[in-house]
Amino acid sequence: SALFSAVVTVPLRGRRGTTAPVAHSLMLAAILLIGFFAGFLGGSVRVLDLTGGKASAYVGDRVRGTFVVTGPVRANSGWQSANARVLDAEVHVHMSGGAPASPALPEGETLFLEVAPSAGGEGTAAVALREGAIVACSGILREPEGPSTSGFDQQSYLGRQGIEVVLRVAAGDLVVEGSRGGFWGWFDRIRSHAREDLHRGPEPRLDAVLQGVVMGETSDIDKTWMEAFRRAGTAHMLSVSGLHVGSLAAILLALARLIGLSRGVGFVLAMLAASSMIPFTGASPPVLRAATMIVIVLVGRWVGRGRDQWQVLALAAVAVLALNPFALMDVGFQLSFGAFVGMMALAKRVEKRLRVLPPSLAASL
(Lines give C-alpha, C1' and ligand atoms only; values in the text may rest on other atoms or scores of the structure.)
Protein backbone atom coordinates (compact mmCIF):
# COMPACT_ATOMS: atom_id res chain seq x y z
CA SER A 1 0.00 0.00 0.00
CA ALA A 2 2.89 2.39 0.71
CA LEU A 3 4.40 1.72 -2.72
CA PHE A 4 1.02 2.24 -4.42
CA SER A 5 0.46 5.52 -2.56
CA ALA A 6 3.94 6.82 -3.37
CA VAL A 7 4.05 5.94 -7.07
CA VAL A 8 0.43 6.03 -8.24
CA THR A 9 -1.44 8.64 -6.23
CA VAL A 10 1.20 11.40 -6.28
CA PRO A 11 0.70 12.39 -9.94
CA LEU A 12 -3.07 12.49 -9.35
CA ARG A 13 -2.81 15.17 -6.66
CA GLY A 14 -1.57 17.92 -8.97
CA ARG A 15 1.38 20.26 -8.73
CA ARG A 16 -0.02 22.17 -5.78
CA GLY A 17 -0.86 19.05 -3.75
CA THR A 18 0.66 18.29 -0.39
CA THR A 19 2.31 15.01 -1.37
CA ALA A 20 5.97 14.55 -2.24
CA PRO A 21 7.24 15.14 -5.79
CA VAL A 22 7.38 12.25 -8.20
CA ALA A 23 11.18 12.02 -7.85
CA HIS A 24 10.83 11.50 -4.12
CA SER A 25 8.15 8.89 -4.76
CA LEU A 26 10.42 7.00 -7.13
CA MET A 27 13.22 7.16 -4.56
CA LEU A 28 10.87 5.78 -1.93
CA ALA A 29 9.86 2.99 -4.30
CA ALA A 30 13.53 2.17 -4.93
CA ILE A 31 14.27 2.09 -1.21
CA LEU A 32 11.30 -0.21 -0.61
CA LEU A 33 12.39 -2.57 -3.37
CA ILE A 34 15.99 -2.64 -2.13
CA GLY A 35 14.77 -3.34 1.38
CA PHE A 36 12.47 -6.10 0.14
CA PHE A 37 15.18 -7.90 -1.84
CA ALA A 38 17.74 -7.41 0.94
CA GLY A 39 15.31 -8.97 3.38
CA PHE A 40 14.56 -11.80 0.98
CA LEU A 41 18.27 -12.49 0.46
CA GLY A 42 19.12 -12.25 4.15
CA GLY A 43 16.18 -14.46 5.08
CA SER A 44 17.17 -17.06 2.51
CA VAL A 45 20.73 -17.16 3.83
CA ARG A 46 19.43 -17.57 7.39
CA VAL A 47 17.03 -20.35 6.37
CA LEU A 48 19.86 -22.22 4.64
CA ASP A 49 21.98 -21.80 7.76
CA LEU A 50 19.23 -23.21 9.99
CA THR A 51 18.46 -26.16 7.70
CA GLY A 52 22.01 -26.99 6.61
CA GLY A 53 22.76 -29.54 9.34
CA LYS A 54 24.50 -32.82 8.53
CA ALA A 55 23.12 -34.92 11.37
CA SER A 56 20.03 -35.92 9.37
CA ALA A 57 22.28 -38.04 7.12
CA TYR A 58 22.90 -40.39 10.07
CA VAL A 59 19.32 -41.09 11.16
CA GLY A 60 19.20 -44.60 12.63
CA ASP A 61 22.86 -44.58 13.70
CA ARG A 62 24.27 -44.39 17.21
CA VAL A 63 25.94 -41.19 18.35
CA ARG A 64 28.31 -40.88 21.27
CA GLY A 65 29.66 -37.56 22.46
CA THR A 66 29.39 -34.43 24.57
CA PHE A 67 26.58 -31.89 24.31
CA VAL A 68 25.43 -28.73 26.06
CA VAL A 69 21.75 -28.25 26.88
CA THR A 70 20.79 -24.90 25.32
CA GLY A 71 17.05 -24.68 25.97
CA PRO A 72 14.47 -25.15 28.73
CA VAL A 73 14.09 -28.74 29.92
CA ARG A 74 10.59 -30.21 29.60
CA ALA A 75 9.55 -33.18 31.70
CA ASN A 76 6.62 -35.53 31.09
CA SER A 77 6.05 -38.93 32.71
CA GLY A 78 9.75 -39.28 33.47
CA TRP A 79 10.86 -38.31 29.96
CA GLN A 80 13.04 -35.22 29.68
CA SER A 81 13.68 -33.25 26.52
CA ALA A 82 15.55 -30.10 25.50
CA ASN A 83 17.52 -28.55 22.66
CA ALA A 84 21.21 -29.44 22.79
CA ARG A 85 24.26 -28.29 20.86
CA VAL A 86 27.07 -30.61 19.75
CA LEU A 87 30.40 -30.01 21.46
CA ASP A 88 32.17 -33.19 20.35
CA ALA A 89 30.39 -36.22 18.95
CA GLU A 90 31.13 -39.16 16.68
CA VAL A 91 28.74 -41.39 14.75
CA HIS A 92 28.98 -45.17 14.78
CA VAL A 93 27.57 -45.88 11.32
CA HIS A 94 25.50 -49.05 10.97
CA MET A 95 26.60 -49.60 7.38
CA SER A 96 29.02 -51.84 5.59
CA GLY A 97 31.22 -51.23 2.63
CA GLY A 98 33.16 -47.92 2.27
CA ALA A 99 31.35 -46.01 5.05
CA PRO A 100 33.65 -44.31 7.54
CA ALA A 101 33.91 -46.03 10.87
CA SER A 102 33.33 -42.97 13.07
CA PRO A 103 32.46 -39.72 11.26
CA ALA A 104 32.11 -36.69 13.51
CA LEU A 105 29.04 -34.50 13.82
CA PRO A 106 29.78 -30.83 13.13
CA GLU A 107 30.51 -28.88 16.29
CA GLY A 108 27.77 -26.37 17.04
CA GLU A 109 24.94 -28.24 15.31
CA THR A 110 21.70 -28.27 17.32
CA LEU A 111 19.57 -31.35 17.85
CA PHE A 112 16.70 -32.35 20.14
CA LEU A 113 17.72 -34.47 23.12
CA GLU A 114 15.20 -36.95 24.59
CA VAL A 115 16.12 -38.86 27.76
CA ALA A 116 14.02 -41.89 28.72
CA PRO A 117 12.86 -42.61 32.30
CA SER A 118 15.02 -44.79 34.49
CA ALA A 119 14.39 -48.47 35.07
CA GLY A 120 12.65 -47.55 38.34
CA GLY A 121 9.42 -47.10 36.46
CA GLU A 122 7.47 -44.55 34.49
CA GLY A 123 7.63 -41.06 35.99
CA THR A 124 11.16 -41.45 37.34
CA ALA A 125 13.87 -39.44 35.60
CA ALA A 126 17.25 -41.08 35.19
CA VAL A 127 19.25 -37.86 35.58
CA ALA A 128 17.86 -34.41 36.31
CA LEU A 129 18.70 -32.29 33.28
CA ARG A 130 18.98 -28.51 33.49
CA GLU A 131 19.55 -25.77 30.98
CA GLY A 132 23.27 -25.11 30.59
CA ALA A 133 24.35 -28.62 31.64
CA ILE A 134 27.20 -30.29 29.75
CA VAL A 135 26.33 -33.95 29.27
CA ALA A 136 28.09 -37.01 27.91
CA CYS A 137 25.70 -39.53 26.40
CA SER A 138 25.12 -42.19 23.79
CA GLY A 139 21.91 -42.59 21.82
CA ILE A 140 20.19 -43.22 18.51
CA LEU A 141 19.47 -40.47 16.00
CA ARG A 142 15.84 -40.44 14.90
CA GLU A 143 13.60 -38.36 12.70
CA PRO A 144 11.11 -36.12 14.56
CA GLU A 145 7.64 -37.61 14.85
CA GLY A 146 4.74 -36.31 12.80
CA PRO A 147 1.28 -35.34 14.10
CA SER A 148 0.20 -37.35 17.13
CA THR A 149 -3.30 -38.26 18.29
CA SER A 150 -3.20 -35.20 20.57
CA GLY A 151 -2.50 -32.95 17.58
CA PHE A 152 1.12 -32.14 18.46
CA ASP A 153 3.44 -32.25 15.45
CA GLN A 154 7.02 -32.61 16.69
CA GLN A 155 8.46 -32.41 13.18
CA SER A 156 6.87 -29.02 12.50
CA TYR A 157 7.68 -27.76 16.00
CA LEU A 158 11.37 -28.60 15.69
CA GLY A 159 11.52 -27.57 12.03
CA ARG A 160 10.57 -24.01 12.99
CA GLN A 161 13.73 -23.98 15.12
CA GLY A 162 15.93 -25.40 12.38
CA ILE A 163 16.25 -28.78 14.16
CA GLU A 164 16.08 -31.87 11.95
CA VAL A 165 16.99 -34.81 14.22
CA VAL A 166 16.18 -36.22 17.65
CA LEU A 167 18.82 -37.94 19.79
CA ARG A 168 17.02 -40.46 21.99
CA VAL A 169 19.07 -41.60 24.98
CA ALA A 170 18.20 -44.62 27.11
CA ALA A 171 18.15 -44.47 30.89
CA GLY A 172 21.64 -44.70 32.33
CA ASP A 173 23.38 -43.65 29.12
CA LEU A 174 23.73 -40.02 30.14
CA VAL A 175 26.07 -38.36 32.63
CA VAL A 176 26.10 -34.68 33.61
CA GLU A 177 29.74 -33.57 33.49
CA GLY A 178 29.40 -29.92 34.43
CA SER A 179 27.95 -26.59 33.37
CA ARG A 180 28.76 -24.16 30.60
CA GLY A 181 30.53 -20.94 31.46
CA GLY A 182 30.77 -17.49 29.98
CA PHE A 183 27.86 -15.18 29.26
CA TRP A 184 25.21 -17.89 28.99
CA GLY A 185 26.56 -19.71 32.02
CA TRP A 186 26.10 -16.54 34.09
CA PHE A 187 22.41 -16.44 33.16
CA ASP A 188 22.12 -20.17 33.90
CA ARG A 189 23.25 -19.47 37.47
CA ILE A 190 20.84 -16.54 37.84
CA ARG A 191 18.01 -18.73 36.58
CA SER A 192 18.96 -21.50 39.01
CA HIS A 193 19.03 -19.10 41.98
CA ALA A 194 15.69 -17.63 40.95
CA ARG A 195 14.15 -21.10 40.75
CA GLU A 196 15.45 -21.93 44.24
CA ASP A 197 14.07 -18.70 45.69
CA LEU A 198 10.66 -19.26 44.11
CA HIS A 199 10.51 -22.70 45.80
CA ARG A 200 10.70 -21.16 49.29
CA GLY A 201 7.02 -20.30 49.43
CA PRO A 202 4.42 -21.63 51.86
CA GLU A 203 3.18 -24.49 49.67
CA PRO A 204 4.69 -26.39 46.72
CA ARG A 205 1.71 -25.82 44.42
CA LEU A 206 1.88 -22.06 44.99
CA ASP A 207 5.64 -22.14 44.43
CA ALA A 208 5.08 -23.82 41.06
CA VAL A 209 2.54 -21.16 40.04
CA LEU A 210 4.95 -18.38 41.03
CA GLN A 211 7.64 -20.04 38.95
CA GLY A 212 5.24 -20.10 36.01
CA VAL A 213 4.28 -16.43 36.40
CA VAL A 214 7.87 -15.19 36.76
CA MET A 215 9.82 -17.59 34.52
CA GLY A 216 7.21 -19.20 32.30
CA GLU A 217 8.05 -22.72 33.51
CA THR A 218 4.86 -24.75 33.96
CA SER A 219 6.12 -28.34 34.21
CA ASP A 220 5.76 -28.43 38.02
CA ILE A 221 2.24 -26.96 38.17
CA ASP A 222 -0.44 -29.33 39.40
CA LYS A 223 -2.42 -30.67 36.43
CA THR A 224 -5.81 -29.86 37.98
CA TRP A 225 -4.64 -26.31 38.71
CA MET A 226 -3.34 -25.93 35.14
CA GLU A 227 -6.71 -27.06 33.79
CA ALA A 228 -8.43 -24.55 36.09
CA PHE A 229 -6.24 -21.74 34.72
CA ARG A 230 -7.18 -22.76 31.17
CA ARG A 231 -10.91 -22.86 31.93
CA ALA A 232 -10.70 -19.47 33.61
CA GLY A 233 -8.96 -18.00 30.56
CA THR A 234 -5.93 -16.95 32.61
CA ALA A 235 -3.36 -19.54 31.49
CA HIS A 236 -1.54 -16.81 29.56
CA MET A 237 -0.28 -15.55 32.95
CA LEU A 238 1.97 -18.59 33.04
CA SER A 239 3.87 -17.78 29.83
CA VAL A 240 6.50 -15.08 29.60
CA SER A 241 5.16 -12.31 27.38
CA GLY A 242 5.69 -8.67 26.52
CA LEU A 243 3.86 -7.75 29.71
CA HIS A 244 6.69 -9.25 31.79
CA VAL A 245 9.32 -7.32 29.85
CA GLY A 246 7.41 -4.05 29.89
CA SER A 247 6.63 -4.33 33.60
CA LEU A 248 10.27 -4.93 34.47
CA ALA A 249 11.39 -1.92 32.40
CA ALA A 250 8.69 0.27 34.00
CA ILE A 251 9.77 -0.79 37.51
CA LEU A 252 13.39 0.13 36.76
CA LEU A 253 12.35 3.53 35.37
CA ALA A 254 10.23 4.22 38.46
CA LEU A 255 12.99 3.16 40.87
CA ALA A 256 15.57 5.29 39.05
CA ARG A 257 13.26 8.31 39.30
CA LEU A 258 12.50 7.57 42.96
CA ILE A 259 16.14 7.50 44.08
CA GLY A 260 17.03 10.56 42.05
CA LEU A 261 19.05 9.04 39.21
CA SER A 262 19.32 10.98 35.96
CA ARG A 263 16.92 10.36 33.10
CA GLY A 264 19.66 8.79 30.98
CA VAL A 265 20.70 6.36 33.71
CA GLY A 266 17.08 5.29 34.16
CA PHE A 267 16.76 4.65 30.44
CA VAL A 268 19.95 2.57 30.37
CA LEU A 269 18.83 0.47 33.35
CA ALA A 270 15.41 -0.13 31.78
CA MET A 271 16.98 -1.13 28.44
CA LEU A 272 19.41 -3.50 30.14
CA ALA A 273 16.58 -5.05 32.16
CA ALA A 274 14.41 -5.55 29.07
CA SER A 275 17.30 -7.00 27.07
CA SER A 276 18.31 -9.35 29.90
CA MET A 277 14.90 -11.04 29.73
CA ILE A 278 15.91 -12.58 26.39
CA PRO A 279 18.68 -14.86 27.73
CA PHE A 280 16.92 -15.27 31.09
CA THR A 281 13.61 -16.64 29.78
CA GLY A 282 14.52 -17.65 26.23
CA ALA A 283 14.34 -15.79 22.93
CA SER A 284 10.64 -16.36 22.29
CA PRO A 285 8.98 -14.02 19.74
CA PRO A 286 6.90 -12.12 22.36
CA VAL A 287 9.97 -11.42 24.51
CA LEU A 288 12.09 -10.38 21.52
CA ARG A 289 9.30 -8.13 20.25
CA ALA A 290 8.80 -6.39 23.57
CA ALA A 291 12.51 -5.97 24.32
CA THR A 292 13.23 -4.57 20.83
CA MET A 293 10.35 -2.11 20.99
CA ILE A 294 11.29 -0.91 24.48
CA VAL A 295 14.91 -0.31 23.48
CA ILE A 296 13.89 1.59 20.33
CA VAL A 297 11.36 3.78 22.14
CA LEU A 298 13.70 4.60 25.03
CA VAL A 299 16.60 5.43 22.70
CA GLY A 300 14.27 7.70 20.76
CA ARG A 301 13.10 9.49 23.90
CA TRP A 302 16.69 9.81 25.10
CA VAL A 303 17.82 11.61 21.95
CA GLY A 304 14.63 13.66 21.73
CA ARG A 305 13.08 11.95 18.72
CA GLY A 306 9.41 11.19 18.26
CA ARG A 307 8.21 7.70 17.47
CA ASP A 308 5.82 6.01 15.09
CA GLN A 309 4.38 2.89 16.68
CA TRP A 310 3.90 1.11 13.37
CA GLN A 311 7.55 1.60 12.39
CA VAL A 312 8.70 0.46 15.82
CA LEU A 313 6.56 -2.68 15.53
CA ALA A 314 7.84 -3.34 12.01
CA LEU A 315 11.46 -3.05 13.14
CA ALA A 316 10.75 -5.46 16.01
CA ALA A 317 9.32 -7.94 13.47
CA VAL A 318 12.46 -7.56 11.35
CA ALA A 319 14.64 -8.28 14.41
CA VAL A 320 12.67 -11.43 15.31
CA LEU A 321 12.58 -12.78 11.76
CA ALA A 322 16.25 -12.00 11.14
CA LEU A 323 17.13 -14.42 13.94
CA ASN A 324 14.68 -17.08 12.79
CA PRO A 325 12.55 -16.61 9.63
CA PHE A 326 10.54 -19.70 10.63
CA ALA A 327 9.12 -17.67 13.54
CA LEU A 328 6.59 -16.31 11.04
CA MET A 329 4.77 -19.67 11.32
CA ASP A 330 5.00 -19.75 15.13
CA VAL A 331 1.74 -19.15 16.98
CA GLY A 332 3.60 -17.08 19.59
CA PHE A 333 4.79 -14.68 16.87
CA GLN A 334 1.34 -14.47 15.30
CA LEU A 335 -0.51 -13.87 18.57
CA SER A 336 2.04 -11.42 19.96
CA PHE A 337 2.22 -9.20 16.88
CA GLY A 338 -1.46 -9.65 16.05
CA ALA A 339 -2.50 -8.54 19.52
CA PHE A 340 -0.27 -5.48 19.37
CA VAL A 341 -1.60 -4.51 15.93
CA GLY A 342 -5.12 -4.86 17.31
CA MET A 343 -4.33 -2.59 20.26
CA MET A 344 -2.73 0.08 18.09
CA ALA A 345 -5.60 0.04 15.61
CA LEU A 346 -8.53 -0.12 18.03
CA ALA A 347 -7.50 1.03 21.51
CA LYS A 348 -7.90 4.77 20.93
CA ARG A 349 -11.29 4.28 19.27
CA VAL A 350 -12.56 2.22 22.17
CA GLU A 351 -11.09 4.68 24.67
CA LYS A 352 -13.04 7.56 23.10
CA ARG A 353 -16.28 5.71 23.81
CA LEU A 354 -15.36 5.44 27.49
CA ARG A 355 -15.11 9.18 28.14
CA VAL A 356 -17.42 8.91 31.15
CA LEU A 357 -14.70 7.00 32.99
CA PRO A 358 -11.48 8.44 34.45
CA PRO A 359 -8.75 8.60 31.73
CA SER A 360 -6.44 6.07 33.43
CA LEU A 361 -9.28 3.55 33.84
CA ALA A 362 -10.46 4.05 30.27
CA ALA A 363 -6.92 3.52 28.94
CA SER A 364 -6.50 0.33 31.00
CA LEU A 365 -9.79 -1.09 29.80
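This is a predicted model: local features need pLDDT of at least 70, side-chain atom pairs count only at pLDDT 80 or more; totals for chains, interfaces and linings use all residues.
Although Ser-77 and Pro-117 stand 40 residues apart along the chain, their C-alpha atoms are separated by 7.8 Å in the model.

## Helix 9 and helix 10

Two packed helices are described by the angle between their axes and by the distance between those axes. For helix 9 (residues 285-302) and helix 10 (residues 309-323), the angle is about 135° and the axes are 9 Å apart. The two helices are therefore oblique to each other, because an angle has to be over 145 degrees to count as roughly antiparallel. The crossing of helix 9 and helix 10 is right-handed.

On the side of helix 9, the residues that make the contact include Leu-288, Arg-289, Thr-292 and Ile-296, while those of helix 10 include Val-312, Leu-315, Ala-316 and Leu-323. Sorted by class, the contact between helix 9 and helix 10 has 12 nonpolar residues, one polar residue and one charged residue.

## The chain as a whole

The secondary structure of the chain comprises 12 helices and six strands, and buried residues account for 32% of its 365 residues. Of the contacts between residues at least 6 apart in sequence, 65% join residues that are at least 24 apart.

The chain has an accessible surface of about 21,700 Å², and carbon and sulfur atoms contribute 62% of that area.

Terms used: Residues are numbered from 1 along each chain as its sequence is written. Side-chain values use heavy atoms; hydrogens and water are left out. Helices (H or I, at least four residues) and strands (E, at least two) are DSSP runs, numbered from the N terminus. Buried means under 20% relative accessible area, exposed over 50%, partly exposed in between (1.4 Å probe, protein chains only). Contact means heavy atoms within 4.5 Å. Accessible areas come from the Shrake-Rupley method with a 1.4 Å probe; for residues, only the protein chains shown count as cover. Axes are lines fitted to C-alpha atoms, for helices over the stretch in contact, and angles run from 0 to 180 degrees between N-to-C directions. Angles under 35 degrees count as roughly parallel, over 145 as roughly antiparallel, 65 to 115 as roughly perpendicular and the rest as oblique. A crossing is left-handed if the near helix is turned anticlockwise from the far one by less than a right angle, and right-handed if clockwise. Ala, Val, Leu, Ile, Met, Phe, Trp, Tyr, Cys and Pro count as nonpolar, Asp, Glu, Lys and Arg as charged, and the others, Gly among them, as polar.
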